[in-house]
Amino acid sequence: MSVGSLQELKQTLLSNGFEVFRTLGSRVVLADRVRDNLIMDSCVSAVFDGGLCVRIVLRAQTQDFPGESEEQLFGRVVVLGKPLHSRGYSEVERSVVPMLDPSDPSKRLDTWCEIAFQKRLSADQELHEELRYALHLAKNAG
């Protein structure tokens, strides 16, 4: 397999049994099948930026740790992500994501402190193995 475009990446993922949740820019976000009729964002993406990367987003939620600061929550995510460093991942982004009430966007239901980790692959052949590894990781601190 040699991936030369985002569309080819998406097609190779589908043909190898992965479910696609959505495409965001250069990322193909994989789905997590919760039930037969419900899929959700898995927090795992295959990235095509001329080469291939795997991206994993880990988080800590304020509802799980009442009273903790954003700094403390990010500390929990750093601990959760420690095993990724030995596999060649590095931190690429930190975000504070408000979860708003869909029926009343003025109400905040929760806040997620997220860290995105990414690994550049040296060969296209690593992609499927690394995505399967990433899909089975715990993504939430707690």
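1. Asp104 is partly exposed, at a relative accessible area of 25%; the term covers the range between buried (under 20%) and exposed (over 50%), with a 1.4 Å probe and protein chains only. Its salt-bridge partner is Lys107, at 3.9 Å from N to O. A salt bridge here is a side-chain nitrogen of Lys or Arg within 4 Å of a carboxyl oxygen of Asp or Glu. Lys107 is partly exposed as well, at 47%.

2. This is a predicted model: local features need pLDDT of at least 70, side-chain atom pairs count only at pLDDT 80 or more, and totals for chains, interfaces and linings use all residues. Residues are numbered from 1 along each chain as its sequence is written, and side-chain values use heavy atoms, without hydrogens and water.

3. The structure holds ten salt bridges. Among them is Asp41 with Arg22, closest N and O atoms 3.5 Å apart. Asp41 lies in β3 and Arg22 in β1, so the pair ties together parts 19 residues apart in sequence. Strands are DSSP runs (E, at least two residues), numbered from the N terminus.

4. Glu91 and Arg94 also form a salt bridge, with closest N and O atoms 2.6 Å apart. Glu91 is partly exposed at 36%. Arg94 is partly exposed at 42%. Arg87, Lys119 and Glu130 are linked in a salt-bridge network.

5. Six strands form an open antiparallel sheet, ordered β1-β2-β3-β4-β6-β5; pairing requires at least two DSSP bridges between two strands. β1 (20-24) and β5 (90-101) stand at the edges, each with a single partner strand, so one side of each lacks a neighbour in the sheet.

6. Nine bridges join β4 (residues 52-61) to β6 (residues 104-120). Cys53 has Arg120 as its bridge partner in β6.

How values were computed. Helices (H or I, at least four residues) and strands (E, at least two) are DSSP runs, numbered from the N terminus.
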